[in-house]
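The entries are kept in the order I looked things up.

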Amino acid sequence: MTETAIPEDHPRYASLVTRHRIEAGVEKGITSKQGLIAQGRGEAFDYLLGERTLPSADAAARAAAAALLAADHPVVSVNGNVAALAPAETVELAEAVGADLEVNLFNHTDERVRRIADHLREHGADEVKGLAGDGEIPGLDHARGTVDADGIEAADVVVVPLEDGDRAAALDAMGKTEIVIDLNPGSRSPRTADIPIIDNLVRAVPNATAHARDLADAGTAELDAIVADFDADDALAAAEAAIREGSFAVDDPE
Ligand code: PTJ
């Protein structure tokens, strides 16, 4: 079934569309096969969260927008799942906050970096970093630690959606402000993040963009206050509580 053939009134429409996008991403050579597994894990957590943006995740998206707008050199990192699920929305977020886009892969191949960069350009990006590979994240092996010297290596604030725990920890050790989007509040990467957004990427990215547009005229003091008011531990605890105490309200006819 193609994305357009999925009936919009299907009760699992949003979930089916995201599955289809990941599948198409694998076929196009931009998403790794492991991306299919990551998607399944994410879906399970989204189901437990009620497939909605929690108020705590909305507050995190606002804090993320504020941190990005206040940054000197923000970068949005893009992997194979992000490129497949929300390419245009990711480009829009980067534009709204003045961030660079950089392809940075867990399962790195130059070919996939090139394909993802092309895919992002097809969805409106001008410049996409990640092809130079002349910088590094110290403490990781070569493939996973390779970044652009004038991109992630030089960034002060980095958005790392669906990141693996090792790299999140290594970026943290470099002193960067990390914004992680991940549906699992128990995963190491959101636990390492300064701003964990426990939400589905397909909801979190446009939500952060909407907050960024809303805050476009805010001064540095206001942006800093929004970031300072955000409490990462509270956000993680709120998501965990929603999972543990939630009911199976989502109707799944399959
Ligand atoms: O394209 P590459 O080579 O960089 O590989 C990307 C993946 C995602 C395959 C790689 O980083 C990986 O294997 O990640 P993990 O360790 O499986 O972690 C993925 C995390 O993302 C898990 O905690 C999932 O719950 C979460 N996740 C999956 N889909 C979504 C998500 N979080 C937010 N939105 C989603 N749509």
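The entries below go through helix pairs, then pockets, then cavities.

I am working on a predicted model, where local features need pLDDT of at least 70, side-chain atom pairs count only at pLDDT 80 or more, and totals for chains, interfaces and linings use all residues. Residues are numbered from 1 along each chain as its sequence is written, and side-chain values use heavy atoms, with hydrogens and water left out.

**Terms.** I took helices (H or I, at least four residues) and strands (E, at least two) as DSSP runs numbered from the N terminus. Axes are lines fitted to C-alpha atoms, for helices over the stretch in contact, and angles run from 0 to 180 degrees between N-to-C directions. Angles under 35 degrees count as roughly parallel, over 145 as roughly antiparallel, 65 to 115 as roughly perpendicular and the rest as oblique. A crossing is left-handed if the near helix is turned anticlockwise from the far one by less than a right angle, and right-handed if clockwise. Contact means heavy atoms within 4.5 Å. For classes, Ala, Val, Leu, Ile, Met, Phe, Trp, Tyr, Cys and Pro are nonpolar, Asp, Glu, Lys and Arg are charged, and the others, Gly among them, are polar.

**Entry 1: α1 and α2.** I looked up how these two helices lie: their axes come within 9 Å and cross at roughly 165°. The pair is therefore roughly antiparallel. The crossing of α1 past α2 is right-handed. On the α1 side I noted Ser-15, Thr-18, Arg-19, Ile-22, Glu-23 and Val-26, which meet Lys-33, Gly-35, Leu-36, Gln-39 and Glu-43 of α2. This contact divides into three nonpolar, four polar and four charged residues.

**Entry 2: α3 and α11.** Helix α3 (residues 55-70) packs on helix α11 (residues 220-229) at an angle of about 135°, the axes being 8 Å apart. The two are therefore oblique to each other, and their crossing is left-handed. From α3 the contact takes Arg-62, Ala-63, Ala-66, Ala-67, Leu-69 and Ala-70, and from α11 it takes Leu-223, Asp-224, Ile-226 and Val-227. I recorded eight nonpolar, no polar and two charged residues here.

**Entry 3: α5 and α10.** I found α5 packed with helix α10 (residues 201-214) at an angle of about 25°, with axes 9 Å apart. That makes the pair roughly parallel. α5 passes α10 in a left-handed crossing. Glu-89, Thr-90, Glu-92, Leu-93, Ala-96 and Val-97 of α5 make the contact with Val-205, Pro-206, Ala-208, Thr-209, Ala-212 and Arg-213 of α10. The classes are seven nonpolar, two polar and three charged.

**Entry 4: pockets.** On a 1 Å grid over the protein atoms alone, a cavity is a set of points where a 1.4 Å probe fits but cannot get out, a pocket is an open set with protein on both sides within 12 Å along at least five of seven lines, and lining residues have an atom within 4 Å of a point. Grid points are joined across faces, edges and corners, and a volume is the space filled by probe spheres set on the points.

The largest pocket has a volume of about 690 Å³. I count 32 lining residues, with Ala-38, Arg-41, Asn-81, Leu-162 and Glu-163 nearest its centre. α2 (33-48), α4 (80-85) and α8 (165-173) are the elements that give two or more residues to this lining, and α2 gives the most, nine. By class the lining has ten nonpolar, 14 polar and eight charged residues.

The second largest pocket comes to about 230 Å³. Of its 15 lining residues, Arg-21, Ala-84, Pro-87, His-119 and His-123 are closest to the centre. Its largest share, four residues, comes from α1.

**Entry 5: cavities.** The largest has a volume of about 40 Å³, and its lining includes Asn-104 and Arg-167. Strands β1 (74-78) and β5 (157-161) each supply at least two of its lining residues.

The second largest cavity holds about 30 Å³. Its lining is Ala-64, Leu-68, Leu-93, Val-159, Ile-179, Ile-181, Ile-197 and Ala-208.
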